[in-house]
Protein chains: 2
Amino acid sequence: MAIEKAVLGKNQAAADRLRDRYLRSKTLVINIMSSPGSGKTALLEKTLAQLGASFRTAVIVGDLATDNDARRLSGHGAEIVQVTTGGYCHLDAGMVTKAIDEIAGQDLDILIIENVGNLVCPSAFDLGEDLRIGLLSVTEGEDKPVKYPSLFSRVEAVVISKIDIADVVGWSRPDAIAALAVAAPRAKVFELSSRSGTGMDAWIAWISERIADKKAG
Amino acid sequence: MAIEKAVLGKNQAAADRLRDRYLRSKTLVINIMSSPGSGKTALLEKTLAQLGASFRTAVIVGDLATDNDARRLSGHGAEIVQVTTGGYCHLDAGMVTKAIDEIAGQDLDILIIENVGNLVCPSAFDLGEDLRIGLLSVTEGEDKPVKYPSLFSRVEAVVISKIDIADVVGWSRPDAIAALAVAAPRAKVFELSSRSGTGMDAWIAWISERIADKKAG
């Protein structure tokens with residue numbers, strides 16, 4: 001990676017402080033990464049609508065520019081903090097630390113970080129998260145996990161999104177599963193559509209279990 | 001951008017040498033950039049099939065890993081050189097220089113550079129090209145040009161791809177045109193589907209004219 005060791009060293013120190021903070025508050029932290037337009041925000045809209053009743057939730061949204069995503073995510077009971085990165089193609093632990101300090105309710109069950117849309121840069125930056133999630137929409141092509149191994153090799157789960165249009169775009173599920181078996185062999189795979197709701201229950205159940213696990217310590 | 005000035009300065013010197021080389025050979029050079037999965041390779045498959053009969057064509061394909069795209073693009077009469085960037089999220093002028101030296105037929109009418117799938121990193125690196133093209137598929141959302149201004153503000157043309165599924169994904173053409181009017185006000189806009197062929201004629205005609213312009217000097 002074209003990133004200096006000093007930058008990553010500084011990030012790691014800040015990420016370790018965040019991890020310790022999340023451990024003390026027993027907050028589950030998930031870092032969601034994907035290409036631009038894979039459906040991160042659409043998934044979060046539906047996820048917040050379902051988690052909101054049971055869990056104290058906040059979202060940090062990273063983008064190079066605009067607060068479009070924060071506006072889309074508001075109104076579901078979760079506190080939303082938009083971070084604009086000013087040209088950087090990823091969030092770093094320092095940006096997340098500043099954003100957390102803006103969240104009024106600190107006693108959170110879950111903090112969701114929607115990273116900048118990018119299949120490369122975000123993967124190098126630890127944010128102290130418990131879970132890394134990679135999204136892959138059926139429109140992007142089955143081979144993306146092997147073409148972007150730095151991201152997919154480090155995620156705990158892959159969400160295959162937009163499956164309601166899988167047939168329309170000629171998505172080959174076997175080819176995708178084969179690519180994931182190579183690039184992300186240990187990742188749990190969810191196949192869902194935020195629009196139709198197919199597959200959402202399994203995703204919400206998994207997140208809810210992870211929140212409970214974190215609480216139980 | 002999180003890129004050192006020294007890196008960009010070295011790139012600029014190499015890009016200037018490339019530009020001079022392309023000027024002497026009267027080769028039109030286009031640099032195609034987009035998110036992963038926007039349809040760069042699908043567009044090039046169809047473009048090569050149509051340009052191949054009239055023009056001496058070569059393609060340099062950049063990816064972090066795999067030679068999938070080079071294999072997809074072979075068999076259309078164009079020479080294809082795959083560059084794997086080993087973790088870098090963009091091509092640079094040095095990589096392109098090395099790749100050009102691998103091309104056997106140097107007397108080219110057009111050199112197409114398919115950059116690494118990324119809406120951020122490639123925009124900072126001049127490759128000595130005549131034209132920068134940004135792809136945006138209808139599946140990605142209408143607001144991507146304003147969310148990724150560093151790329152879209154610097155392109156001569158935007159190709160809106162996959163328009164055969166615009167209705168299925170709920171694409172708002174007016175919203176997209178409004179976003180492009182802000183982010184890329186001077187860019188020519190093509191709307192096409194590589195799969196159905198809709199809109200391909202205007203794209204091919206434009207490229208063919210640009211090749212003729214470069215030849216005429």
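Between chain B and chain A of this predicted model, an area of about 2,700 Å² is buried, and carbon and sulfur atoms give 56% of it; buried area here is the accessible area, found with a 1.4 Å probe, that two parts lose on being put together, summed over both. Chain B brings 35 residues to the contact and chain A brings 35 residues, where contact means heavy atoms within 4.5 Å.

Four salt bridges are counted between chain B and chain A, a salt bridge being a side-chain nitrogen of Lys or Arg within 4 Å of a carboxyl oxygen of Asp or Glu. A:Asp63 and B:Lys147 form a salt bridge through their side chains, at 3.4 Å from N to O. On the side of chain B that touches chain A, the elements giving two or more residues are α3 (68-73) and α5 (144-147) of chain B, and α5(B) supplies the largest share, three residues. Helices (H or I, at least four residues) are DSSP runs, as are strands (E, at least two), and they are numbered from the N terminus. By class, this side of chain B holds 17 nonpolar, nine polar and nine charged residues; Ala, Val, Leu, Ile, Met, Phe, Trp, Tyr, Cys and Pro count as nonpolar, Asp, Glu, Lys and Arg as charged, and the others, Gly among them, as polar.

Over all chains the count comes to 36 salt bridges. Within chain A, the side chains of A:Lys215 and A:Asp109 meet in a salt bridge of 3.2 Å, N to O, and this pair links distant parts of the chain, 106 residues apart, with A:Lys215 in helix α8 (residues 200-216) and A:Asp109 in the loop between α4 (93-101) and β4 (110-114).

Helix α4(A) also packs with helix α1 (residues 5-25) of chain A, at an angle of about 35 degrees and with the axes 8 Å apart; axes are lines fitted to C-alpha atoms, for helices over the stretch in contact, and angles run from 0 to 180 degrees between N-to-C directions. Among the residues that meet are A:Leu18 and A:Tyr22 of α1(A) and A:Val96 and A:Ile100 of α4(A), and the residues of this contact divide into seven nonpolar, three polar and two charged.

In chain B, the axes of helix α2 (residues 40-51) and helix α8 (residues 200-216) come within 11 Å and cross at roughly 60 degrees. The contact includes B:Leu43 of α2(B) and B:Trp203 of α8(B).

Residues are numbered from 1 along each chain as its sequence is written, and chains are lettered from A in the order in which they are written. Local features need pLDDT of at least 70, side-chain atom pairs count only at pLDDT 80 or more, while totals for chains, interfaces and linings use all residues, and side-chain values use heavy atoms, leaving out hydrogens and water.
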